[in-house]
Amino acid sequence: MSQKPKLRVVLCAPRGFCAGVVRAIDVVERALQIYGPPVYVRHEIVHNKYVVESLKAKGAVFIEELNEAPAGSAPVIFSAHGVAKSVPAEAEARRLFTIDATCPLVTKVHREAQVHFKRGRKVILIGHAGHPEVIGTMGQLPPGAIVLVSTVEDVKAMKVEDESNLAYVTQTTLSVDDTHEVVDALKTRFPEIAAPAQGDICYATTNRQEAVKQVASTVDAVIVVGSPNSSNSQRLAEVAERAGCKTARLLPSAADIDWDIFGAIRSLAITAGASAPEVLVERVIDAFAERYDIAVETLTTADETVFFPLPRSLREVAAQA
Ligand code: SF4
């Protein structure tokens with residue numbers, strides 16, 4: 001008979017990879033197959049060290065700026081987070097061959113901002129300063145055309161010239177609940193503000209937050225598998241805490257489990273950010289199985305069938321190959 005203590009493990013579903021991340025990784029892998037290494041990738045293709053290291057091992061070279069890529073025939077891939085307009089413009093000026101792995105749901109936000117701008121509206125972006133997606137979205141319009149806000153306080157402090165000509169868009173990976181508060185503050189202060197038809201927080205962010213929210217108050221601890229620089233992973237840990245779990249941690253890998261915290265629990269929920277591969281979740285489960293007699297169950301709160309095809313340029317080349 002097992003001498004290990006019992007542990008109930010609830011796997012949140014959906015968790016882990018979203019359609020945009022699957023597509024972005026596929027873009028790099030297909031480019032490596034078609035063109036051979038090296039292919040250059042501007043910034044982390046998705047925010048996950050394991051994914052980046054795996055692609056490096058296959059011949060991808062990650063760069064911060066375009067001037068690190070030599071002119072020539074090797075492709076330069078833009079990450080899933082999207083890029084400012086100045087980036088493809090610079091690439092064209094340097095005659096670089098580029099492939100855009102921006103998630104179509106980020107591109108949708110870019111288009112919304114552009115449409116509002118064409119209609120003469122000041123655009124307010126709800127998001128986190130410094131995140132690559134925010135830099136990319138702000139860079140869709142000329143400097144000063146987009147105002148970034150993160151909190152209700154930011155909304156209250158905003159100075160606006162024409163209150164009747166405003167629109168807002170959001171980062172795709174925000175906390176659904178926090179964003180409602182900021183949107184409410186915007187609508188209260190600017191009743192005529194134009195809103196996205198269906199919201200900009202993506203289906204994957206929404207679904208992962210909903211699953212962890214439902215389970216958080218029923219378990220002793222929550223682990224979010226994901227990288228510390230992954231916005232949607234950070235939000236999952238916050239959502240778990242707010243939903244009533246006192247011990248919610250964002251962990252990049254099983255090696256990061258602090259057994260002083262997780263060594264004496266009776267129930268645990270596990271989820272993963274949209275850029276975290278399932279193998280990292282399996283390793284976390286294995287680590288708990290070494291110390292506990294685990295009983296694994298799955299809480300499914302949504303079925304996901306979203307799929308994004310590869311960029312047309314890659315599909316066409318692949319079809320000719
Ligand atoms: S988290 Fe959402 S916006 Fe980001 S890549 Fe995935 S589907 Fe696209």
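This tour moves from the ligand to selected residues around it and then to points elsewhere along the chain.

The model is predicted, so that local features need pLDDT of at least 70 and side-chain atom pairs count only at pLDDT 80 or more, while totals for chains, interfaces and linings use all residues. Residues are numbered from 1 along each chain as its sequence is written, and side-chain values use heavy atoms, with hydrogens and water left out.

**The ligand**

Select the ligand first, and then the residues around it, which are Cys18, Gly20, Cys103, Leu105, Thr172, Thr173, Cys202, Tyr203 and Ala274 (each has a heavy atom within 4 Å of the ligand). This shell divides into 6 nonpolar residues, 3 polar and no charged, where Ala, Val, Leu, Ile, Met, Phe, Trp, Tyr, Cys and Pro count as nonpolar, Asp, Glu, Lys and Arg as charged, and the others, Gly among them, as polar. The ligand sits in the largest cavity; a cavity is a set of points, on a 1 Å grid over the protein atoms alone, where a 1.4 Å probe fits but cannot get out, and a molecule sits in it if more than half of its atoms lie within 2 Å of its grid points.

From the shell, select Thr172, which is placed in the loop between strand 8 (166–170) and helix 7 (176–189); helices (H or I, at least four residues) and strands (E, at least two) are DSSP runs, numbered from the N terminus. Thr172 counts as buried because its relative accessibility is 5% (buried means under 20% relative accessible area, exposed over 50%, partly exposed in between, with a 1.4 Å probe and protein chains only). Its side chain makes a polar contact of 2.7 Å with the side chain of Glu133, the term denoting a pair of N or O atoms within 3.5 Å, of which, within protein, one must be able to donate a hydrogen and the other to accept it, residues adjacent in sequence counting only if both atoms are side-chain atoms. Not counting residues up to four places away in sequence, Thr172 touches Leu105, Val106, Val109, Glu133, Asp200, Ile201, Cys202 and Thr205, where contact means heavy atoms within 4.5 Å.

A polar atom of the Thr205 side chain lies 3.2 Å from the backbone oxygen of Thr172. Leaving aside neighbours within four places in sequence, Thr205 is in contact with Thr172, Thr173, Leu174 and Asn232.

Now select Leu11 in strand 1 (residues 6–13), a residue that is buried at a relative accessible area of 8%. Beyond its neighbours within four places in sequence, its contacts are Ile270, Val281, Ile285, Val296, Glu297, Thr298 and Leu299.

At His43, in the loop between strand 2 and helix 2 (49–58), phi is near 70°, a positive value in a residue other than glycine. Finish at Arg95, in the loop between helix 3 (86–93) and strand 5 (98–100), where phi is near 55° and the residue is exposed, with a relative accessible area of 72%.

Definitions and conventions. 1 Å grid on protein atoms, 1.4 Å probe; cavity = no way out; pocket = protein on both sides within 12 Å on 5 of 7 lines; lining within 4 Å.
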